[in-house]
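Please open the structure in your viewer and keep the selection tool at hand. The tour below goes from one selection to the next and says what is found at each stop.

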Amino acid sequence: MESENIAATTPLLHTTFPSIQQETDLWHTFRVRLRYYIPILGWLPKYNLENLQSDLIAGFTVAFLIIPQSLSYAQALVNVPPVLGLYSAFIPQLIYAILGTSRQIAIGPEALVSILVGSSIKEFTQWRDASPMISMEPPIAMPAPIDPMSNIQATTLLCLMVGIFTFLLGFFRLGFLDSVLSRALLRGFVLAVACVVMIDMSEALLGLNPPTGQCGSNYTLYRIEETGGDFESPFQKLLDILQRLHNTHFLTASLSVFSFIFLLGFKFIKQRYTQLKWLKFFPEILILVVFSTVITQIFRWDCAGVAILNSVDSRLPDGVKILPVPTLAKIKHLLLSAILIAVIGFVESIAVAKTYASKHNYTVSPNRELVAMGTGNIISSFFGGFPGYGSLGRSAVNDSAGAKTQLAGLITGLVVFLTAIWLLPLFQFLPKAVCSSIIVVAALRLIELEDIHFIIQLHAWRDLGLLMLTFFSTFFLSIEIGTLLSVGVSLMLVVKHTTTTRLVLLGQTSVIDPETGQFKTKFKNLKEEGSGSHIERVEGGIIVRFEEGLFFGNVGQLKERLKRIELHGNLGIHPGEEPRMEYQVRQEEWEDEESMNAPLVATVPVLYGVVFDMKAVSDIDASATQTLLEIVEEYHKRNILVCFVKLREHCRDAFTRSGIVKIITPHNFYNKIQDAVNKLNQYKIQFRNSNGNGSNDTRFLHPTSIPFRRSPMINSPHEVFTSFEDYDQISQNYSP
């Protein structure tokens with residue numbers, strides 16, 4: 001009875017256990033995937049409390065740095081209320097700490113991105129005010145006061161578009177795009193942007209624009225005098241500033257000089273005394289901000305003509321609209337700027353993330369980085385923020401301060417948030433000249449001449465030309481044109497490199513076999529002629545080795561390149577020059593004077609055969625197969641022998657289905673180049689004998705009618721067709 005009960009329950013166990021196991025596997029898979037898409041669920045439960053002190057120090061240190069920087073970028077570059085700079089600092093940082101994978105990167109307003117945002121908003125505002133369908137207000141005569149409140153909606157709309165585009169790049173797994181942009185082009189663009197920043201900040205540093213609405217007023221309003229037209233290039237603005245140097249405000253300029261000396265002096269001290277660890281954490285920017293704010297309030301320099309932030313509040317005035325309101329016209333005008341800002345911001349951020357991931361031996365996912373930064377900017381746009389990405393300078397401070405995990409970023413975001421709520425009014429008397437000094441010192445870090453020196457050292461004149469192209473276009477035209485040019489040229493260079501088939505011309509040379517001590521023939525690149533070995537061309541033949549897989553993108557010019565090789569011998573000859581190969585081959589082959597006077601065009605071809613080395617062709621698509629079929633058919637009509645060497649097994653189906661095997665027969669597929677060259681030599685001898693004897697029998701002129709005395713080796717790792725029977729048997733599998 002007991003055994004019957006056991007037997008009765010056994011099937012039940014077998015039926016329920018798999019379902020329980022399946023549910024367990026699904027739950028495990030869900031948890032693993034969730035930790036991947038929300039990284040904080042992976043590192044926070046396993047957080048080591050020993051890292052808490054380091055993360056706290058790093059979080060507060062970066063906060064003391066990002067608060068004055070955010071205020072400066074907001075009012076001086078983007079031209080929005082300073083509080084929005086703090087919103088742009090803590091919201092993306094908090095979101096990134098939840099979704100990001102880098103432990104040391106510091107997210108928030110960044111100099112280069114803020115410059116691009118400010119330039120785009122300035123252009124958008126001019127377009128909006130000039131368009132009666134967009135702005136219902138009457139046009140304002142120049143020079144005109146600019147209200148930062150009017151830029152908020154445009155800034156938030158741009159931030160929303162940048163965030164959406166960045167998020168979509170990550171969602172569709174396009175994180176590899178950081179490798180698309182040329183380093184030389186980006187370096188030229190960054191150098192030009194650093195110069196543009198210093199030019200833009202010169203007005204505030206020298207006090208060329210007298211402040212208005214200060215010394216007792218309750219609102220912030222300052223004038224921007226436009227003397228160079230609506231779209232003034234950086235070079236034109238530099239000339240304008242030089243013409244107005246006589247209007248320099250002495251007290252403002254003195255304060256700027258003091259700020260420069262203080263910041264650069266501490267930078268030098270930190271580099272000089274690296275053994276003092278506490279010196280790394282000294283917040284010189286925060287000290288400068290506090291000191292200049294206090295001294296300005298005590299002596300009331302705002303009444304003496306020094307421009308200050310003036311009334312700053314954590315809340316915007318009633319009635320100010322911050323939510324982005326997208327319209328088709330606005331989206332069309334801001335779309336290009338949003339794409340360029342997203343690409344530039346991501347490239348700079350992923351470079352920082354990869355640097356510290358390599359330093360601390362962990363991995364980052366570019367796609368997860370895109371999603372994290374895109375989500376942060378999307379959420380920030382609904383609170384009035386402008387785009388923020390990873391900062392190289394703040395990330396270096398974060399790492400030096402000892403950041404171990406993303407908790408340091410969470411602490412930074414919380415400190416900035418508390419500052420925006422309670423401490424922001426204390427920055428009312430912060431001079432704008434000090435903010436501009438902070439920005440210029442940050443821009444000086446963008447000027448790195450090591451890359452230029454390296455390019456010159458390598459004699460890479462093309463890269464140097466590309467660098468100068470983007471630099472001068474940005475400096476003399478605009479940041480938008482420089483950005484578009486750098487991204488556009490980079491993409492064109494990638495497309496050009498991708499669409500060119502990488503192939504190598506091979507020649508034969510003699511080398512000593514280390515095992516037997518005898519000479520043997522080896523096939524090498526003809527460009528290695530000067531490397532100590534004499535490499536000869538195969539008489540009457542061309543040996544081409546493909547260096548990559550073949551697909552529709554890189555076979556478009558294959559026919560033209562093979563034709564150029566046939567006429568000129570290599571690809572380095574300009575196609576406009578006279579053919580070189582025909583006369584040389586004929587003179588070598590026909591030595592007697594009587595044969596030289598014969599009509600050789602009809603009887604002696606320049607080219608007898610072509611050998612394609614397919615060892616590196618790991619894959620081939622339909623377009624590439626069709627192109628090869630057309631090439632084979634053309635050679636076949638001209639009675640030129642075609643052989644394929646080391647064709648991979650999974651490429652064989654495409655050759656069979658397309659009819660290439662049927663045209664050249666299975667006997668012309670080999671495992672060794674030497675076997676194909678031997679077949680070529682036999683064909684050449686047969687061809688000369690048939691024509692030299694005056695025979696009219698064209699049977700010997702056809703490349704497939706000449707038997708080969710040596711069969712290909714079937715024991716090679718790359719199988720080939722060994723007989724017509726093999727081909728007939730294989731082709732039956734593909735017959736309809």
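What follows is a walk through a predicted model, taken one selection at a time.

**The sheet.** Begin by selecting strands S6 to S11, which make up an open sheet of six strands in the order S7-S6-S8-S9-S10-S11, with mixed pairing. At its edges you will find strand S7 (519–525) and strand S11 (669–670), each of which pairs on one side only.

**The nonpolar cores.** Next, select Val117, Leu158, Phe189, Val416 and Phe427, the residues with the most contacts inside the largest nonpolar core, which has 100 residues. Helix H12, residues 328–359, gives the most to this core, with 14 residues.

**Helix H13.** Select residues 366–381, the 16 residues of helix H13, which reaches 22 Å from its first C-alpha to its last, close to the 22 Å expected at 1.5 Å a residue. Is H13 largely enclosed by the rest of the structure, or largely open? Since 14 of its 16 residues are buried, H13 is largely enclosed.

**Aromatic rings.** There are 23 aromatic pairs to look for in the model. Take Phe60 and Phe64, whose ring centres are 6.3 Å apart and whose planes stand at 55°, so that the pair counts as tilted. Both belong to helix H3, residues 52–78, and because they are four residues apart in that helix, about one helical turn separates them. Phe60 counts as partly exposed because its relative accessibility is 38%, and Phe64 is likewise partly exposed, at 31%. Then select Phe235, Phe471, Phe472, Phe475 and Phe476, which form one aromatic cluster.

**Charges over rings.** Finish with two arginines: Arg103 lies over the face of Tyr362, at 4.2 Å from the ring centre, while Arg272 lies over the face of Tyr273, at 5.4 Å from the ring centre.

Note on methods:
Residues numbered from 1 in each chain as written. Predicted model: local features only at pLDDT ≥ 70, side-chain atom pairs only at ≥ 80, totals over all residues. Heavy atoms only, no water. Pairing = 2+ DSSP bridges. Helix = DSSP H or I, 4+ residues; strand = E, 2+ residues; numbered from the N terminus. Core = buried A, V, L, I, M, F, W, Y, C linked by side-chain atoms within 4.5 Å. Buried < 20%, exposed > 50% of the residue type's maximum accessible area, 1.4 Å probe, protein only. Expected span 1.5 Å × (residues − 1). Phe/Tyr/Trp six-rings, centres within 6.5 Å; stacked < 30°, edge-to-face > 60°. Lys NZ or Arg CZ within 6 Å of the ring centre and 35° of its normal.
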